[in-house]
Amino acid sequence: MRVLSIGGGDIIIEGREEMLAPEIYQENTFEDIRKLCKANNMDLSEYVEQCEGEKIWDYLQVIWDAMKRSINEGLSSTGILEGGLSVQRKAQSLYNQQPSDESLETRENRMVCAYAFAVSEQNAAGGVIVTAPTCGSSGVVPAVLRYVKEKKHVTDKQVLRALAVGGLIGNLVKQNASISGAKCGCQGEVGTACSMAAATLAYLSGMSIDQIEYAAEVALEHHLGLTCDPICGLVQIPCIERNAVAAMRAINALNLAKFLSDTSKISFDLIVQTMYETGLNMSSDYRETAEGGLAKLYKI
């Protein structure tokens, strides 16, 4: 088969009629979903189950298993990534370093980054990863979920519920804007991944729908304008490191949501619209063409 990636995680298989995904969700904005959930005393994962059916949990178990494998495989691998940039795998090194004076905060940063590096390096090496929401942003969600599972000892069932919430956030961005770096820059990829990760963390922390929205909004808002400028067109520099930074930013968004959600002025729906318009107004040099930014200025 010849399979074409058309951006945002979508593919076309040559010789086959393009399959359009069925409309599963009647609500197209977070505000509509919030109103429905509050009127029916549902949380966001219950809303997903109502729309998708009970089989969603079997599907998300497959997703979670794949995420865990990609982390483990990335942590167990060393060497130079192919492509000509001579990028050294760093996940294992990050994971194994244990300074005697390391604070709890520094350890959290190191472990989360190690998991994000592991998945992103697997993607760069052609390994199996989960597009969450895209290949280039695949390290963010697995990294925070692996870390919070270890830290808080949450169950796989709880993780699947959180993944449903994160997926809902990603779907809203894809529905109302774009998750394609070629269309909106990296704000659409890593920005959305960070937003999804923040929402999953907020759900696992037992936060309200309003707090989950705030976490997701903050995570996306502070990626606005982020360019997609991969050196040599490879998903290595700055993409791998960027996944690690976004994973930590998701944790920052969670912490803000614990205390400040009642002061929010910007809705999630508004920030999605803003991200989309920002992406459309961005020069094509900064949208996955490898013709601007680091891709232009870095010399091999």
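How far apart are Glu31 and Arg34 in helix 1? They sit three residues apart, so about one helical turn separates them.

All views come from a predicted model, where local features need pLDDT of at least 70, side-chain atom pairs count only at pLDDT 80 or more, and totals for chains, interfaces and linings use all residues. Residues are numbered from 1 along each chain as its sequence is written, and side-chain values use heavy atoms, with hydrogens and water left out.

**View 1. Glu31 and Arg34 pair up in a salt bridge.** The N to O distance is 2.8 Å; the term means a side-chain nitrogen of Lys or Arg within 4 Å of a carboxyl oxygen of Asp or Glu. Arg34 is buried at 11% relative accessible area, while Glu31 is partly exposed at 30% (buried is under 20%, exposed over 50%, partly exposed in between, with a 1.4 Å probe and protein chains only).

View 2. (Helices are DSSP runs of H or I, at least four residues; strands are E runs of at least two; both are numbered from the N terminus.) Asp65 is partly exposed at 28%, and so is Lys68 at 24%.

**View 3. Shared partners link salt bridges into one network.** Its members are Glu31, Arg34, Lys38, Asp210 and Glu213.

**View 4. Arg2 bridges to Glu14.** Their closest N and O atoms are 3.2 Å apart. Arg2 precedes strand 1 (3-7) and Glu14 is in the loop between strand 2 (10-13) and helix 1 (30-39), so the pair ties together parts twelve residues apart in sequence. Arg2 is exposed at 53%; Glu14 is partly exposed at 44%.
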